[in-house]
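Have the structure open while you read.

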Amino acid sequence: MMRARVFVFVVATLAGALPAGAQTPSTQPGATTEVSERFSRSSHLDANGAFDLINLHGNIVITAGSGRDVTIEAVKRVQRPNPNAARALLQTIDIQVVEEANRIEVRTSYPRPRNFPGSVDFTITVPADATVSVRATGGGIRATGIRVEALRTVAGDIDLVDASADQFATASAVSGNVTVRGLKASAIQLTTVSGNVRVDNSRGARLMARAVSGDVEYAGELSRSGRYELVSHSGDVRLLLSGATGFDVQANSFSGTVQSDFPITRRGRGGEGNGRGAATPRAIRGAFGDASAMLVLRAFSGNVSITRR
Amino acid sequence: MNCETYENQLGDYVDGARASGLPGDARLAAFERHLAGCARCQALVADFTSIRGAAARLEEHVPPPRLWTRVAASIGEPQQRPWWRRPLAGAFPSWAPVAVAVSLALLIAGATWLAWTQEPAAAPHEAVGAPAEPDTAPAEEHYEAAIAGLEQLAASQDASLDADTRAVLKQNLAVLDRAISESRAALADEPADALAQESLLDALDTKVTLLQDTVALAADADAGSDDAAGAAKELNQ
């Protein structure tokens, strides 16, 4: 692949060669010393650029700015009992910034050994029309006002506020909560294994939210013609609805209960031969109002509820 | 059998597909038998056929030339694709073999699912509580094969991940194993329960995804650490 411009900023330098003041040792409880170092970089993206970040450990905050600048502020941290060892290890953390064809990719990397006692926290500003994707291993992601494509973390929460996506937006955690407020996208996919998923006042033609042991909750208005699929294995599935959009609903729980505040015109049993009727406490199938939105709500052992907000 | 089970066949039927008696048409044939006795599906077929007819009579609109220009321009900008849509080998050259292995596992799972959904269906039944839902066993078997392969791959790269990440992944795999066990227990009690079937396949599918992520994380950590070690070495020389 031809790269128009490639700048790789390798932050690793010789141990002890940093300017005075770059490291800030501080004694932690348990006689552990933390040393830190700031990293700062500014760049530029033209309209509709892209920003990607791959981080191992540390929290990430990304905010959309009003201009075309990208600012990357990072703090590298290492904790060790021996301050000299901590300083030496700090120098082995790399933050690489690669710019190519209206795309900026930032990646942190650590050398072996794996149980590295350090992290990098990022605070980033990107143009509002830049498409953002983030992948983290340990640490939370908080994004505000951005144009999002994908946010992923293994251990940490994802908090996405007032974001948008032209088409597909996805946020996934393994062990962490996924919270989304004011997201506008054609299709939204939110998943976690052991955390909760909560969606507030977001608009999309299709929303898919899944958890395995956590709760899944959607609060707000439904989009007309929207399709909403909320699934949890052992957590609860909750819909807190405002507005007057009607819906067609198929709600089931294997061993929990299914309950609705809305007067649902239930379909008969014809063609639904799974032994659960349209009006049992464990299943509701029918329509409310103009049935313009479609709801698929499913829990295995959790409860399913549709309530007025 | 639930009407929902036949969503795809209903669409094909409206598009004019009819069962030919070949093995690949087994589900379509099952749908045709189901359709004969299901008023709801008959109404849906009538509605969709009517919509299809109306759509066919709509005036044709030709996209403006500028649209094609934009499409062509976007095709010519592969570097604009985000990292997760790039070919894995290009994004992470050092673990291309792993990517291939993971892709193979995915392929197995996908093919399994397709194979399962095209299994010859049992005799149609409209009565509530009738048995003989599609058996999840063939799909499970292939999911398990994919999981076993990925677990082996993940175990071989276990040392690449730090202890905290390994612990989190292990805990969440245990959560998924519990979900799988609970779904299987439910299916043992109610073999025809569609929700239990969906829950089981959901959990197996999520486990495959988590194992793939685990392998990818380990490979990514390897690639990153090699880069870092290399850069540090250069600076030290």
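## Before we start

A residue is called buried here if 20 or more other C-beta atoms lie within 10 Å of its own. Keep in mind that this is a predicted model.

## One helix of chain A, one buried side

Let's begin with helix H1 of chain A, which runs over residues 83-90. Which residues of this helix are buried? They are Ala86(A), Arg87(A), Leu89(A) and Leu90(A). These residues cover an arc of only 165 degrees around the axis, so they sit on the same side of H1(A).

And what do they pack against?

## Two domains in chain A

Zooming out, chain A comes in two pieces, with domain 1 covering 1-156 and domain 2 covering 165-309. Where the two meet, 10 residues of domain 1 of chain A are in contact with nine residues of domain 2 of chain A. On the domain 1 side of that contact, you'll find five nonpolar, two polar and three charged residues.

## Chain B: helices and no strands

Now for chain B, which has nine helices and zero strands. Its pattern along the sequence reads α-α-α-α-α-α-α-α-α. Chain B has 237 residues, and 35% of them count as buried. Taking the contacts in chain B with a separation of 6 or more, 71% are between residues 24 or more positions apart.

## A crossing of helices

Have a look at H1 (residues 7-14) and H2 (residues 26-36) of chain B: their axes come within 9 Å and cross at roughly 85 degrees. H1(B) and H2(B) are therefore roughly perpendicular to each other.

On the H1(B) side, the residues that meet H2(B) are Gln9(B), Leu10(B), Asp12(B) and Tyr13(B). Their partners in H2(B) are Arg27(B), Leu28(B) and Phe31(B). By type, the contact of H1(B) with H2(B) is made up of four nonpolar, one polar and two charged residues.

## Ser199(B), with contacts in both chains

Last stop: Ser199(B), found in helix H9 (residues 194-236) of chain B. Is Ser199(B) buried or exposed? It counts as buried, because it has 29 C-beta neighbours inside 10 Å.

Leaving aside neighbours within four places in sequence, Ser199(B) is in contact with His233(A), Phe254(A) and Phe300(A) from chain A, plus Ser183(B) from chain B. As for Arg40(B), it is 159 residues from Ser199(B) in sequence and 26 Å away in space, C-alpha to C-alpha.

How values were computed
Residues numbered from 1 in each chain as written. Chains lettered and ligands numbered in written order. Predicted model: local features only at pLDDT ≥ 70, side-chain atom pairs only at ≥ 80, totals over all residues. Domains from an automatic or database assignment. Contact = placed C-beta atoms within 7 Å. Nonpolar A, V, L, I, M, F, W, Y, C, P; charged D, E, K, R; others polar. Buried ≥ 20, exposed ≤ 12 C-beta atoms within 10 Å, placed from the backbone. Helix = DSSP H or I, 4+ residues; strand = E, 2+ residues; numbered from the N terminus. Arc of directions from axis to C-beta. Axes fitted to C-alpha atoms, helices over the stretch in contact; angles between N-to-C directions. Parallel < 35°, antiparallel > 145°, perpendicular 65-115°, else oblique.
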